[in-house]
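Me: Before I use this model in my own work, I would like to go through the labels attached to it and ask on what grounds each one rests.

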Amino acid sequence: MKPILTTIAMSVMMFGMGGCAGDEGADGAEKEFQWTIDRFDDIRVMRYRVPGFEELPLDQKMLIYYLSEAALSGRDILFDQNFRYNLPVRRTLEGIYRSWEGPREGAEWQAFETYLKKVWFANGMHHHYSGDKFVPGFTEEYFDTLLAATPVEALPVDFADGSREGLVAAIKSVIFDPALYPVRANQAEGADLLTTSAMNYYEGVTQAEAEKFYAAMAAANASDQTPISYGLNSKLVKSNGRLREIVWKEDGMYGSAIKQIVFWLEKAAEVATDPQKTVITDLVNYYRSGDLRDFDTYNVAWVRDTVSHVDFVNGFIENYGDPLGFKSSWEANVNFKDIEATRRTETISDNAQWFEDNSPVDPRYKKPVVKGVSAKVITAAIIGGDCFPATPIGINLPNADWIRRDHGSKSVTIQNITDAYDKAAEGNGFQEEFVLRKEDRERLKLWGSLGGNLHTDLHECLGHGSGQLAAGVTGAELRQYGSAVEEARADLFALYYLADPKMVEIGLIPSLDVAWAEYASYMMNGLQTQMSRIAPGKNVEESHMRNRQAVAQWCYERGREENVIEKVVEGGKTYIVVNDFERLRGLIGELLREVQRIKSTGDFEAGRDFIEGYGVKVDPAMHAEVLERYTALNLAPYGGFVNPRYELVRNANTGEVTDVKVSYDESYVEQLLRYSRDYSFLPSKN
Ligand code: ZN
């Protein structure tokens, strides 16, 4: 589970650094580092730095290098999972882009290039966040001209009958007809969520059939206290009237990419030491067998390893891309511990039981004993798959409920990424535009960054791990509202405790001003600014966004009589102002109690009413206003990153590896073209 961007603070606000990177600029190096490197459509592409990498011992640098290669090797899997046309379309666009000798300027070329950049960013033809299919800004005629000039060897004709004409026939209408496959993962209530979604996790299967299939599987193992994650690593297809799973494993679907991942993992195992060596070997075993029991074995070993300095995620992990929540997309992250900043999360962890005991939640739904909350702040070394280029800023894994119950979970906050967001947002004018009161702006400047980081820490370390289900409840009852409700639960837990005097007492914040900075920014985001991410006429689809709007809107409406949160209009512009922070905390506690009840009792109707009633519909007038104000400032609602580049340094005579060099000079286009060249391990048709 992960917050993609917990607060708008992470994406667009300008904040002080909270002491994280204080000593910069003495040698001028900081000034030269370019944080934002590309800007197109609603996207800003940034770089992040990997402070501390150079100082790592050689074996850890090599471990990171090998794990990084494994992290890049599965990229094509995600493209195919998102939509079966993604690989042929991406490769067609790249073939054109590499070989076109005509003018690389003018509106149509620019539109073509932007479309390619968007496909790279979204790992496919649908927006990475909203899931809506991209509309090309160039004409079919222009596309024909480009295609006709591209040598057939540069095109993925393996998708069709081997000819250019066959390829064109197969993909052109998919690119240009907006009615075809309009949304990646449909969540509209009442529709068949599978047959109306473009995602490639099911084929020829209706929602009812898939639900029945997995319900039967769960029922057959109802007494299993340690159930596997049914359906997690396979595509469900119907052939000859029968449903069957095609498993993603080394000798199964996506095998040629998985083989590469395994190759690099085995290299990594050679330089790793136990317990991590065993963790990596367990993961290799699972990639070979495709057996979800092996996945659990790996997860248990992984979650128990809290000692390794370098850590990683690599596999089919998060199920946000499947409207039914069974199938997981492929993702990767390699990181190492930020020892200094980890003191912060260790303090939170050390007090986990106190937080659980003192929450406003019904005692029946509290954990009597909070187990194994391991929390750390990390420095990302590489991001891949569904974590690239848009990346989460915090991760809490594994997802299996029983592993969390019996073995706990690992929770991380990725600080070098949030630092990069903050750095890149400096001076963009967002605060001046959207924050009305000077006192709020000043509080945000002083404490926004710390408030945002602590929110993420609390959300991940405590929020997701808190609470317990009532007897007989499996956690799957909330169906398509499960993710949004779960994110709301973690956010509410974080918001509630951020403003607890305990936070001051244990030295995490100097005063509650840190909490009020986060409250102001969270409410503004949920009620207003996150709408910048939604196309006109659309509603809120993504789970984290639904959660944030639901929480903010509920608090707004509930506190209306007392004017707790106010929509102030000045000079034709609307501002979200929190008038009573203490009272707002009371409302947050009230809602936390209710959302935990919904989760613990599996109350589908209440979960649906909360999300549909508060989190889905946008106010069209406010929406239009936000879009206009964003456009005027040229602000990008979404951000993502290019990776650093790692290279082995060898002794010229012996060939022995003597160092691993990290560099930060690739452009977005250079990096994505290189990835497509060096890490394309799948055929266009899978
Ligand atoms: Zn979360």
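Reply: What follows takes the labels in turn, each with its rule and its value.

Reply: This is a predicted model, in which local features need pLDDT of at least 70 and side-chain atom pairs count only at pLDDT 80 or more, while totals for chains, interfaces and linings use all residues. Residues are numbered from 1 along each chain as its sequence is written, and side-chain values use heavy atoms, with hydrogens and water left out.

Me: What makes the chain as compact as a globular protein of its length?

Reply: The chain has 25 helices and 15 strands, where helices (H or I, at least four residues) and strands (E, at least two) are DSSP runs numbered from the N terminus. The radius of gyration, taken over C-alpha atoms, is set against the globule rule of 2.2 Å times the number of residues to the power 0.38. For 686 residues that rule gives 26 Å, and the chain has 24 Å, which is close, so the chain is as compact as a globular protein of that length. Along the principal axes, the C-alpha atoms fill a box of roughly 70 × 60 × 60 Å.

Me: Why is helix α3 called largely enclosed by the rest of the structure?

Reply: A residue is buried under 20% relative accessible area, exposed over 50% and partly exposed in between, with a 1.4 Å probe and protein chains only. In α3 (residues 75–82), eight of the eight residues are buried, so the helix is largely enclosed by the rest of the structure. Among these buried residues are Arg75, Asp76, Asp80 and Gln81. Of the 686 residues of the chain, 60% count as buried.

Me: Which elements do the buried residues of α23 pack against?

Reply: The buried residues of α23 pack against α18 (482–498), α21 (543–558) and α22 (581–601), where contact means heavy atoms within 4.5 Å. The buried residues of α23 (residues 604–616) include Phe604, Phe610, Ile611 and Glu612. Across the chain, residues 24 or more positions apart account for 75% of the contacts with a separation of 6 or more.

Me: What backbone geometry do asparagine 123 and tyrosine 254 have?

Reply: Most residues other than glycine have a negative phi, and most peptide bonds are trans. Asparagine 123, however, has a positive phi of about 50° although it is not a glycine, and tyrosine 254 has a positive phi near 65°. Asparagine 123 is found in the loop between α5 (106–122) and α6 (140–148), and tyrosine 254 in the loop between β5 (242–247) and α9. Asparagine 123 is buried at 4% relative accessible area, as is tyrosine 254 at 3%.

Me: Where are the prolines at the cis peptide bonds from aspartate 274 and phenylalanine 388?

Reply: The bond from aspartate 274 to proline 275 has an omega near 10°, and proline 275 is found in the loop between α9 (255–271) and α10 (276–289). The bond that joins phenylalanine 388 and proline 389 has an omega of about -10°, and proline 389 is found in the loop between β8 (373–385) and β9 (394–397).
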